[in-house]
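Please look over the model below before reading the points.

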There are 2 protein chains.
Amino acid sequence: MSIGKTTKYSSDIHDLRMKIRMNEWSSQTTGMAPQNVQTNLAVLPEEYAFDFLLYCQRNPQACPVIEVLRPGVSQPSFVSNRADIRTDLPKYVIYEHGKKICEVEDIQSYWRDDLVTFLIGCAFTFQGPLLDAGIHIRHLEEGRSDPTYITSIATRRAGIFYGPLVVSMWPVKWKDVAKVVQITGRLPLAHGSPVHIGDPKHLGIVDLDHPEYGEAVSLQEDEVPVFWACGVTPQQAAAKAKPSLMITHSSSHMFITDLSYRHLDIM
Amino acid sequence: MSIGKTTKYSSDIHDLRMKIRMNEWSSQTTGMAPQNVQTNLAVLPEEYAFDFLLYCQRNPQACPVIEVLRPGVSQPSFVSNRADIRTDLPKYVIYEHGKKICEVEDIQSYWRDDLVTFLIGCAFTFQGPLLDAGIHIRHLEEGRSDPTYITSIATRRAGIFYGPLVVSMWPVKWKDVAKVVQITGRLPLAHGSPVHIGDPKHLGIVDLDHPEYGEAVSLQEDEVPVFWACGVTPQQAAAKAKPSLMITHSSSHMFITDLSYRHLDIM
């Protein structure tokens with residue numbers, strides 16, 4: 001598989017992560033390592049951990065939990081046995097009391113023994129299987145991060161965490177819609193089936209050209225907008241809940257795991 | 001659908017739950033309301049809630065979480081809007097520091113504001129779809145609760161919670177195995193696909209005639225033993241972890257929800 005300039009990294013995930021760790025790669029990860037599971041990151045103090053895990057359990061399409069590390073632990077055991085989430089994402093965002101403080105390339109200086117790490121599925125995991133099936137992915141073709149919108153749909157509250165569902169949109173040719181539903185539906189830990197197909201008004205989205213995150217992409221005449229629940233949803237919830245500290249990946253700068261997407265396939 | 005003497009209750013789940021609430025039914029629920037989702041119950045003080053939810057997340061086949069109630073809340077909102085888990089199961093077990101204290105028909109006198117309720121999927125939910133597909137269910141035919149075994153396979157630890165995987169066994173005709181895998185695989189929140197098909201030695205089970213829970217059932221010549229992860233697993237984990245208090249359903253005396261099994265179908 002070849003996705004432009006990132007192909008050279010795909011053959012060895014460890015090498016790729018070392019480049020990220022050494023800050024030799026601090027750009028977005030969309031299209032990178034397309035056979036591998038990518039995840040969202042959410043790091044919170046232990047006092048919020050139960051409520052947040054419950055928020056994920058109540059909103060599994062937006063927040064499919066792939067791994068949770070115990071307080072103070074920064075090395076995953078399930079998705080990789082040689083990674084450190086403090087250094088191995090290209091860019092992080094630090095929030096204090098719900099306010100974005102800064103973006104950084106590693107979080108070692110922010111690390112504390114009471115921090116709990118949540119790794120949450122990401123739609124970038126779909127890219128490999130969709131490309132393998134001959135589906136075009138517009139935002140990759142246009143060299144952009146996928147457009148992401150805040151909807152008018154409320155998620156299910158858990159403790160202090162509540163807020164709107166956030167979705168990403170990928171244009172799909174009408175002839176490919178059924179195939180795309182089937183392929184993504186088999187990967188519920190990467191957000192699973194679309195939450196909506198068609199008119200964005202049903203989600204309370206007024207203008208596809210102005211996404212809240214990512215970049216707008218073109219929509220052609222034989223295509224329909226297809227929307228998946230997005231891992232930015234818990235960041236929105238945290239913005240409302242205002243925990244004393246929350247650390248997340250920067251938009252589209254995900255954690256690349258050692259897992260093949262085949263590990264998550266339910267069939 | 002007709003399953004002997006329990007049929008008269010199946011038409012109205014609310015009536016059925018009222019009989020359970022009034023202690024007019026305190027027997028097991030296998031075969032009852034076969035179109036409805038049944039769940040395991042685990043109630044723990046808040047201090048253990050994060051570890052326990054994490055244990056479930058790390059062992060999703062044994063502990064598929066369907067609903068978690070906030071501390072002190074005894075009325076579900078997702079699986080029913082008119083139930084109370086303190087009265088609506090036919091029988092409960094009280095454990096203190098890992099030791100079984102007693103079995104009771106309601107837990108109102110044990111209730112506290114810091115208790116967190118976990119509703120975990122149950123294989124009884126399979127009974128409707130399997131019967132609908134013409135599959136025989138031996139333990140129903142023989143009027144028993146299904147045999148359940150402690151395996152030699154370790155679950156993934158989370159905090160204080162660890163222990164062996166527990167499985168239930170239903171004999172399946174060789175000709176029906178593929179169909180049974182497909183039907184149950186579509187219901188991961190009711191334990192999903194079998195964890196093992198065939199020789200019980202691979203699970204460290206020495207003698208099918210002596211299950212640790214439930215009752216042995218006959219295995220015919222054209223049948224193979226099929227094993228599913230069982231919701232007794234977290235009770236084993238709690239027995240080892242010795243929390244100050246844990247309340248569970250009594251074996252095979254489950255919580256019957258308002259949800260049709262179709263609500264959990266992934267396809």
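1. Contact here means heavy atoms within 4.5 Å. Leaving aside neighbours within four places in sequence, A:Phe118 is in contact with residues including A:Leu41, A:Phe52, A:Val68 and, from the other chain, B:Phe50. A:Phe118 and B:Phe118 have the most contacts inside the largest nonpolar core, which has 70 residues. Such a core is a set of buried Ala, Val, Leu, Ile, Met, Phe, Trp, Tyr and Cys residues joined through side-chain atoms within 4.5 Å.

2. This is a predicted model, in which local features need pLDDT of at least 70 and side-chain atom pairs count only at pLDDT 80 or more, while totals for chains, interfaces and linings use all residues. Residues are numbered from 1 along each chain as its sequence is written, and side-chain values use heavy atoms, without hydrogens and water.

3. pLDDT is the predictor's confidence in each residue, from 0 to 100. Chain A averages 92, but residues 1–11 of that chain stay under 50. Where pLDDT is low, the predicted coordinates should not be read in detail.

4. Seven of the nine residues of helix α7 (233–241) of chain A are buried, that is, under 20% relative accessible area with a 1.4 Å probe, protein chains only (exposed is over 50%, partly exposed in between). Helices are DSSP runs of H or I, at least four residues, and strands runs of E, at least two, numbered from the N terminus. The cover over the buried residues of α7(A) includes α3, β5 and β10 of chain A. A:Lys242, with a positive phi near 55 degrees, follows α7(A).

5. B:Val195 sits in the loop between α6 and β8 of chain B. Its relative accessible area is 29%, so B:Val195 counts as partly exposed.

How values were computed: Chains lettered and ligands numbered in written order.
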